Amino acid sequence: MTAFLTALAVLIAGYFLYSAVIDRLMATRCDAPVPAVTKADGVDFVVLPTWKVFLIQFLNIAGLGPIFGAIMGIMFGPAAFLWIALGTIFAGAVHDYLSGLVSLREGGVSLPEIIGVNLGRRVKTVTMVFSVVLLLLVGAVFILTPAGLLAGMTPESFDRTFWICVIFAYYLLATLLPIDKLIGNLYPLFGFALLFMAAGLLGVLIFGDVTIPVSFGQLGEYESSLPVFPMMFVSIACGAISGFHATQSPMMARCLKSETLARPIFYGAMVAEGVVALIWAAAAVAFTGGYEGLTDYMAQDGHSAGSLVTDISRGWLGTFGGVLALLGVIAAPITTGDTALRSARLILADFMRFDQKAFWRRIAVTLPLFALVFGIMMIDFNVLWRYFAWSNQTLAVFTLWAMAVYMARKRLPYVIAMLPAMFMTVVSVTYLCYAPRPEGLGLGMGVGLGLSVVAVAIMCGLFMRMLSRMRPEAGALPNR
């Protein structure tokens with residue numbers, strides 16, 4: 001229990017302390033122009049109430065990530081608590097906050113546009129392709145998963161194909177309609193339900209007759225079948241840092257009414273996701289009796305992270321918990337898939353400089369994307385998920401390096417973004433080299449670590465070279 005409460009306290013303190021420091025350094029202003037006003041179009045650039053934006057952002061970046069990822073991550077031992085807390089504060093929330101704030105200041109532009117300005121046109125094109133492919137993978141994965149679950153819960157006439165068609169149709173509407181119509185009305189409800197379920201589990205963990213068998217003293221004792229580094233850092237992903245979030249932050253940057261809201265919306269939503277991840281990680285080991293119990297549970301036929309979510313919710317929260325679990329494993333992925341495809345539309349439209357106010361223009365961009373999603377759905381699900389996990393963290397590497405360059409250009413302490421960029425570079429390169437084929441190269445841990453150090457050295461060298469070229473122009477750069 002002590003380890004869980006300590007990690008929770010560190011995470012919450014990180015928001016009030018570290019985010020306040022970063023926000024002050026970034027000098028956010030309440031009177032700064034925002035794209036929701038300067039570019040208002042009634043479709044994507046729409047001022048929304050702050051509470052709605054927070055819940056939409058939270059659900060956009062959360063979905064099943066902090067639930068399933070945390071359950072899989074805690075199987076690596078108590079190190080998962082440390083990574084969720086510290087990774088969120090110093091990497092994930094910084095990543096989300098900076099990508100959202102920079103988008104806000106640059107007129108609501110999407111992630112590849114931000115990366116292009118800071119890392120160059122070639123990297124912009126690569127990132128655009130990479131981002132769109134990642135978002136299409138998300139869309140495909142989060143059609144197949146809930147469709148299969150719904151088919152198993154409804155009469156035989158409503159088979160998997162039927163639910164795929166229903167979810168596909170919903171995704172099309174969510175991608176095309178103005179953001180305040182469908183997403184703006186449904187997401188706050190689902191976001192609140194996800195937080196409410198986490199709050200109920202937290203109450204059971206703290207006040208119920210529950211033991212959380214996690215101790216930081218076990219860090220040197222616990223052994224996993226897979227190495228904690230880099231596997232745990234990729235498995236947890238959304239509960240600590242996720243490149244996918246940087247594709248979502250610009251979408252909400254187009255709906256904020258003030259620049260000063262960047263801290264509670266972007267940094268705050270990521271901290272909230274970290275809290276949810278901690279709760280589910282603790283609940284998983286407490287419910288199954290420990291690491292061995294969790295491993296045995298997951299090894300049984302028909303058991304998965306989804307079935308554990310249902311068992312925990314029903315066992316601790318009763319019938320109402322079962323309803324919330326249903327919401328978590330079905331509605332949450334659907335509400336991640338639809339905004340993924342909406343973001344793909346926005347990224348592609350920004351890249352082509354193709355205005356999206358007219359409905360036919362949105363259709364022209366959306367239909368080819370949905371055709372690609374349909375093709376991706378023909379690929380084996382397990383393969384899709386493996387590539388999603390790796391590409392997700394790699395996109396975070398691109399984003400953090402771009403943020404470090406941005407801060408250097410603005411004469412700000414770029415180390416805030418550079419240090420997590422270096423760490424995530426090591427994680428991603430090591431994972432790509434170490435992971436077995438087909439998702440990795442299967443080269444071994446030693447080779448992976450060696451190549452990751454070389455990759456970091458190259459990135460740092462390029463960064464310092466950029467700094468040396470930038471210095472003569474530093475006096476001409478604005479503070480914002």
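R345 sits in helix α14, which covers residues 305-352; helices here are DSSP runs of H or I with at least four residues, numbered from the N terminus. The model is a predicted one, so local features need pLDDT of at least 70 and side-chain atom pairs count only at pLDDT 80 or more, while totals for chains, interfaces and linings use all residues. Residues are numbered from 1 along each chain as its sequence is written, and side-chain values use heavy atoms, with hydrogens and water left out.

R345 counts as buried because its relative accessibility is 0% (buried means under 20% relative accessible area, with a 1.4 Å probe and protein chains only). Setting aside neighbours within four places in sequence, R345 touches D44, T175, Q356, R362, V365, T366 and L369, where contact means heavy atoms within 4.5 Å.

Now for a helix pair. The axes of α3 (residues 50-61) and α11 (residues 244-253) come within 9 Å and cross at roughly 160 degrees; axes are lines fitted to C-alpha atoms over the stretch in contact, and angles run from 0 to 180 degrees between N-to-C directions. The two helices are therefore roughly antiparallel, the word used for angles over 145 degrees. On the α3 side, V53, I56, Q57, N60 and I61 meet F244, H245, Q248, S249, M251 and M252 of α11. Sorted by class, that contact has six nonpolar, five polar and no charged residues (Ala, Val, Leu, Ile, Met, Phe, Trp, Tyr, Cys and Pro count as nonpolar, Asp, Glu, Lys and Arg as charged, and the others, Gly among them, as polar).

Notes: Buried means under 20% relative accessible area, exposed over 50%, partly exposed in between (1.4 Å probe, protein chains only). Angles under 35 degrees count as roughly parallel, over 145 as roughly antiparallel, 65 to 115 as roughly perpendicular and the rest as oblique.
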